[in-house]
Every structure is written in structure tokens, then in C-alpha cells.
Amino acid sequence: MTVDQMTPLADRRGSAPAAGRAGSRRHTSVVTRRHRAFYMFAAPWITGFALLTVAPMAYALWLSFTTFDGISPNWHYVGLGNYRELFSDAQTWRSLGRTGLFAITSVPLSIVAGLALAVLVNRPLKARGLFRTLLYLPAVVPPVGAGIAFKQLFDQNSGAANGVLNLFGIDALGWLADPYARYVLIMTVLWTAGNIMIISLAGLQDIPRELLEAARIDGASAWRSFRSITVPLLSPVLLFQTVTGVIASVQTIMPLLLAPDPTPAGITALPQSTYLYMMHVFAEYFAFGRYGYASALLWVLFVLILVATGLIFRATSGVVFYNVDPEAKK
């Protein structure tokens with residue numbers, strides 16, 4: 001082999017590593033651009049999360065170890081003093097018990113109501129789209145507007161609820177006072193069942209119709225098909241609604257919106273049945289000016305929500321069915 005014949009071979013041998021390095025640099029450049037694009041798009045959310053969630057939570061955690069009242073510079077560090085007072089405060093335990101009872105009552109009712117509406121509007125009805133829209137509209141009403149509407153509706157002197165009772169010769173009831181205030185509060189939760197309806201409706205439409213048809217051919221009743229096919233396949237949706245419902249119920253401020261005097265001065269005059277945990281927090285913050293103690297209350301609530309969520313996931317781990325392709329797990 002001559003020198004001229006060997007030269008192209010040498011060039012090819014020398015150019016192979018160079019081509020590999022160039023390809024590696026191009027790949028690195030593409031990956032870098034993708035990473036940069038990801039962080040650019042995620043930056044607004046990350047910034048908002050850091051400034052509007054992480055920073056306030058850290059500030060509240062620091063306040064929970066102090067006697068800061070929001071105004072006076074004469075505050076001091078008390079360590080776990082606020083937490084020790086919290087666990088010995090009878091009002092805290094009573095409000096926490098009412099909140100738990102409210103969550104246990106309102107969350108199942110709202111889920112059942114939303115699922116029932118979803119089953120209804122999933123049927124081949126005339127003007128089905130109109131019914132879906134009308135049933136969902138209350139869910140988009142702002143909570144403040146809904147609270148004002150319910151407050152006027154159940155007003156003892158001029159409310160429409162007592163007006164209907166008067167037509168039947170029944171004396172007017174104090175709906176916004178004990179013992180009826182708790183029922184009005186539950187009605188405000190059922191008012192937003194359209195939100196659960198939409199989510200449940202999406203889950204119903206994702207159920208394969210072949211399974212329901214097979215059950216019908218085998219002679220299964222509508223109730224048996226619903227109980228044995230629909231509910232198991234909807235279990236992830238129901239779990240999601242349970243977790244989010246519990247979190248929303250323990251943080252509700254609707255009792256404040258229904259209060260006769262929704263001000264810091266009037267918060268302590270709320271009906272006892274609707275004096276929930278968040279009302280206790282509101283009173284400590286704005287009626288008594290105990291920012292440190294109220295921050296400790298909020299952090300305890302945060303921990304309780306984490307514990308409750310973990311217990312829900314553990315309790316439902318064996319009954320929630322995830323329709324996932326086994327090949328997708330590999």
C-alpha cells in the first residue's frame with residue numbers, strides 16, 4: 001500500500017473522534033437549551049411559590065415562637081410557649097372537634113351529591129349540556145358572594161327561607177344562630193357540589209362502556225353495575241375529592257361570611273356550632289392581636305392536615321383501583 005493510499009485511511013481514523021466530539025457537543029448544547037427553556041418557563045411559578053408560599057410560612061413559623069402582636073415593637077421570644085398554651089387551651093380543642101365533625105359530615109355529603117349529579121347528567125337527556133352548565137354555575141360563584149347570598153336568604157327577618165315557612169304557618173327560625181347555623185353551613189358546602197360533579201363526570205366518561213355492557217348482558221342490575229364496576233373505577237377520583245374536600249373543609253372561612261357581624265369585634269359572638277378552628281385562628285389574629293399564638297395554631301393545623309392526608313392514603317391503599325397498563329410501569 002502506497003503512502004497516497006494510506007493517507008485517506010489515516011484521515012478517516014483521525015476524523016472519527018473529532019466527529020464524536022462534535023456530536024457530543026451538539027447533544028450537550030441541545031440539553032442545555034432544553035434545561036434553560038424549562039427553568040425560564042418554570043421561573044414565574046417558582047418565584048411565586050417562594051415569595052407567596054414558602055416565605056410566608058417561614059415567617060409564620062418564626063412568629064409562632066414569639067409574642068408579636070403585629071404592632072408593638074415590645075415582643076420577645078418565648079420558644080415553645082405558644083405551643084404549650086395551645087395544647088392546654090380548651091377553646092382550641094373544642095373548635096378542633098367542631099371542625100373535625102364538620103369535615104366528617106360535609107365531605108361525604110358533598111361527594112355523594114356531586115356523584116349523583118354526575119350520574120344524572122351523564123345519561124342521554126335532552127338539553128344535557130344546559131343542565132350541566134346550570135348545575136356547575138354555583139361552583140364558580142366567589143365564596144364571598146355565596147356567603148352574602150346565603151346570609152340574606154336565611155335572614156330571620158327578611159330571608160326567603162322564613163318567607164316560605166310563613167306560607168305554611170310556621171314561625172320564623174333563627175337560621176344563622178344555634179342550633180340551625182350548622183345546617184346552613186353544610187348547605188353552603190352542598191351549594192358547590194357542581195365542582196365535584198364535573199370531576200366525577202370526567203371519571204364516568206373514562207369508564208369503558210364494554211364493561212358495563214358485559215355486566216348488563218350477564219344480568220347485573222344497574223345498582224350492581226354501579227357498585228361493582230363504576231365505583232371501583234372511580235376510586236382514584238373519589239380519593240382525590242376526599243383529600244381535597246377534607247383540606248378545604250378544615251380551612252373554610254364561610255362561618256365568618258355568615259356571621260351577623262363579620263368583623264374582628266364580632267367574631268367572638270359567632271354561634272358555637274360554627275366556631276370552627278379557622279374562626280379561632282381569626283379571632284386570635286385580629287380580635288386579640290396575638291400573632292404569635294395564632295401562627296402556632298396555623299402550624300399545628302398544617303401538621304394535622306399532613307397527618308390526616310397520610311391516614312386517608314393509608315386507609316384507602318387497598319381499595320383504590322388505578323387503571324394503569326402493566327407495561328407502563330416498566
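A salt bridge here is a side-chain nitrogen of Lys or Arg within 4 Å of a carboxyl oxygen of Asp or Glu. The model is a predicted one, in which local features need pLDDT of at least 70 and side-chain atom pairs count only at pLDDT 80 or more, while totals for chains, interfaces and linings use all residues. Residues are numbered from 1 along each chain as its sequence is written, and side-chain values use heavy atoms, with hydrogens and water left out.

**Salt bridges**
- By this rule the count comes to three salt bridges, and Glu85, Glu284 and Arg290 are linked in a network of them.
- Arg290 forms a salt bridge with Glu284, with the closest N and O atoms 3.8 Å apart, and the side chains of Arg290 and Glu85 meet in another at 2.8 Å, N to O.
- Arg290 lies in the loop between helix 12 (277-287) and helix 13 (291-315) and Glu85 in helix 2 (residues 81-87), so the pair ties together parts that are 205 residues apart in sequence; helices are DSSP runs (H or I, at least four residues), numbered from the N terminus.
- Arg216 forms a salt bridge with Glu213, at 2.8 Å between the closest N and O atoms, and both residues lie in helix 9 (residues 209-217), three residues apart.

**Accessibility**
- Glu284 is buried, at a relative accessible area of 6%, whereas Arg290 is partly exposed at 31% and Arg216 is exposed at 54%; buried means under 20% relative accessible area, exposed over 50%, and partly exposed in between, with a 1.4 Å probe and protein chains only.

Definitions and conventions:
Helices (H or I, at least four residues) and strands (E, at least two) are DSSP runs, numbered from the N terminus.
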